[in-house]
Amino acid sequence: SATSDTVAEPKSIAVLPVADFSEDGKGTPFADGLTEEMLNTLAQIPGLRVTARTSAFVFKDRKEDVRKIGRALGTRYVLEGSVRRDNGRIRVTAQLIDAQNGYHLWSKTFDRPIGDVLAVQEDIASAVAESLQVTLDGESKIQLAARRPVKMDSYELYLLGRHYQLQRTPESMVKAVEYQQQAVAADPRFALAYAGLADAHM
């Protein structure tokens, strides 16, 4: 749990909730959804153990020392980041930190059209794999590379649907279905929206 120290596996990572630095200050659901998708992307890397979302989100909005977080979650590394959206573009800053000593291994900023957000997730996952000397196998590379650019409206609606789905209340599940239906309508070729809709219905 996040309240007791555990032994960290060498190739283990926690993805902390992405901070929203958008000017309107209303992007928390988007940032939370992006955190979830980053976690899912990293979980595709063979040989890398990724802490569950529920464990990492215990530290949302808490200014804890990264070393303490690593000990609590039993992870050797911590990935933290921020997102800023502006006029159809997205800027994601990610930092990979060694939780044993608190040192930054790297910090990267990705400034892209919002439709390339899936490619940003792939780039971050690849950078993490390289830093931790974990090799992406051929199948994982194909799965990540196959993700095409998505329409801004569709992806944002998808993330909003994921945000409400994870609240697990009857009211939030209704909202989740509505957002995923809108995501499908905005981009009928966006496969993740169909998956999100099916998951919300289940």
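I began with Q133, which I found in the loop between α4 and α5 (138-145); helices here are DSSP runs of H or I with at least four residues and strands are runs of E with at least two, numbered from the N terminus. The model I am reading is predicted, so local features need pLDDT of at least 70 and side-chain atom pairs count only at pLDDT 80 or more, while totals for chains, interfaces and linings use all residues. Residues are numbered from 1 along each chain as its sequence is written, and side-chain values use heavy atoms, with hydrogens and water left out.

**Entry 1: loop residues**

I noted that phi of Q133 is near 55 degrees, a positive value in a residue other than glycine. Most residues other than glycine have a negative phi. Q133 is exposed, with a relative accessible area of 66%; I take buried as under 20% relative accessible area, exposed as over 50% and partly exposed as in between, using a 1.4 Å probe and protein chains only. I then looked up R168, in the loop between α6 (152-165) and α7, and found a positive phi of about 60 degrees although R168 is not a glycine. R168 is exposed as well, with a relative accessible area of 57%.

I also checked Y103, in the loop between β5 (89-98) and β6 (104-113), which counts as exposed at 58% relative accessibility. Leaving aside neighbours within four places in sequence, Y103 is in contact with L96, I97 and D98, where contact means heavy atoms within 4.5 Å. Y103 and R67 are 36 residues apart in sequence, and I read 9.4 Å between their C-alpha atoms.

**Entry 2: the whole chain**

I counted eight helices and six strands in the protein, and read along the sequence they follow the pattern β-β-α-β-α-α-β-β-β-α-α-α-α-α. Of the 202 residues, 48% count as buried. Among contacts with a separation of 6 or more, 63% come from residues 24 or more positions apart.

Helix α7 (residues 170-186) has 17 residues and reaches 25 Å from its first C-alpha to its last, close to the 24 Å expected at 1.5 Å a residue, the expected span being 1.5 Å times one less than the number of residues. Which residues of α7 are buried? I found S172, M173, A176, V177, Q180, A183 and V184. Seen down the axis of α7, these fall within an arc of 145 degrees, so they line one face of the helix; the arc is that of the directions from the helix axis to the C-beta atoms. The face turned away from the buried side of α7 carries the exposed residues E171 and A185.

The axes of α7 and α8 (residues 191-201) come within 9 Å and cross at roughly 155 degrees; axes are lines fitted to C-alpha atoms, for helices over the stretch in contact, and angles run from 0 to 180 degrees between N-to-C directions. The two helices are therefore roughly antiparallel to each other, a term for angles over 145 degrees, with under 35 counted as roughly parallel, 65 to 115 as roughly perpendicular and the rest as oblique. The contact is made by M173, A176, V177, Q180, Q181, A183 and V184 of α7 and A193, Y194, G196, L197, A200 and H201 of α8.

In α8 the buried residues are A193, G196, L197 and A200, and they fall within an arc of 100 degrees, so they line one face of the helix.
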